[in-house]
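Here is a short briefing on one protein model. Look over the sequence and the structure first, then read the points below.

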Amino acid sequence: MISIVIPLHNEERSISLLYEELQAALEPLGREWEAVFVDDGSVDGSFAALTRLHAMHDNVVVVRLRRNFGKATALATGFDQARGEIVVTVDADLQDDPSEIPRLIAKLDEGFDLVSGWKTHRRDPLRRRIPSRIFNWVTGRVSGLRLHDMNCGLKAYRAEVVHGMRLYGELHRFIPVLAQYRGFRVAELPVNHRPREHGRSRYGVERYIRGFLDLLTVSFIGRYQHRPLHLFGGLGLVLGLIGFAILVYLTVVKALGHAIGDRPLLTLGVLLVVVGLQFFSLGLISEMLTSQHEETASGRDQAELHVDEILS
């Protein structure tokens, strides 16, 4: 089965059109498929349109969240409801082209676990394209995963990639990075991108600021989640050695008969040694917590807390 997960917020006019396009793209494959719509607290007629669509088609699943929790929670909830061995995400604004889905699935069959779309000709204003390029460049340099379009909504996954993945805040932007850190194979495929015809974009410049902070979170989780001492201990060791070298130098100066009590360098040396010890101690404590900690709540358990209604 192929599960199409569609998070949406105030997309009443696009829902039926999107289903028709999905049907046209997936029916020729001859495989069973389902559309999982996640209404992320819409305040227009989106849920009513979804209810009508659910009544007309047996393969439509509708999840309604109690309020607008954000795309990460909507995706996590949709992943929880998806039953297919292959999961595809599509934005509901009709800018993603459903006819590209068979190509993404074919790329998965080449041995990849996640295939991310790349909007080579993005149909968005320049004020959105330029920050997006900067964001993708920085993300690639920091994470080590070089993708042209990290945040493209059109992606295909094997089910094991998304099941158990904890998404919160703005981490949905970094699903490929999280997948790579877990050992999955990630690929990118150019896809068609269409101009928005209905509704309006709710993304602003502030999302890139939040995205940078989340990038630091993802990088820490991926690289140091199971070895925090390598980060904090390494940083503490470097600072401590610099401080120790300064103090050794001042000791030699003092032995030569020069006063050092009024030198700012003395304060700096002592400060670096103390801060270095604190970082090293923090690393040891983190290692102890990591070794004893067992995860008790999956992303799916968290997502269920926000569900208001499910039509399946």
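The protein has 11 helices and eight strands. Helices (H or I, at least four residues) and strands (E, at least two) are DSSP runs, numbered from the N terminus. This is a predicted model: local features need pLDDT of at least 70, side-chain atom pairs count only at pLDDT 80 or more, and totals for chains, interfaces and linings use all residues. Residues are numbered from 1 along each chain as its sequence is written, and side-chain values use heavy atoms, with hydrogens and water left out.

**The sheet**
- Strands of a sheet pair through backbone hydrogen bonds, either parallel or antiparallel.
- Here, eight strands form an open sheet with mixed pairing, in the order β7-β5-β6-β4-β1-β2-β3-β8.
- Its edge strands are β7 (186-191) and β8 (307-311), and each pairs on one side only.
- Two strands count as paired if DSSP finds at least two bridges between them.
- From one strand to the next, the twist averages 20°.

- Strands β4 (residues 86-89) and β6 (residues 155-158) run antiparallel and are joined by four bridges.
- In this pair, I86 stands opposite R158 in β6.

**A helix on the sheet**
- Helix α2 (residues 46-56) lies across β1 (2-8), β2 (33-39), β3 (60-65) and β8.
- Helix α2 runs at about 155° to β3; axes are lines fitted to C-alpha atoms, for helices over the stretch in contact (heavy atoms within 4.5 Å), and angles run from 0 to 180 degrees between N-to-C directions.

**The whole protein**
- Of the 312 residues, 47% count as buried, meaning under 20% relative accessible area (1.4 Å probe, protein chains only).
- Among contacts between residues at least 6 apart in sequence, 82% join residues at least 24 apart.

Technical notes: Buried < 20%, exposed > 50% of the residue type's maximum accessible area, 1.4 Å probe, protein only.
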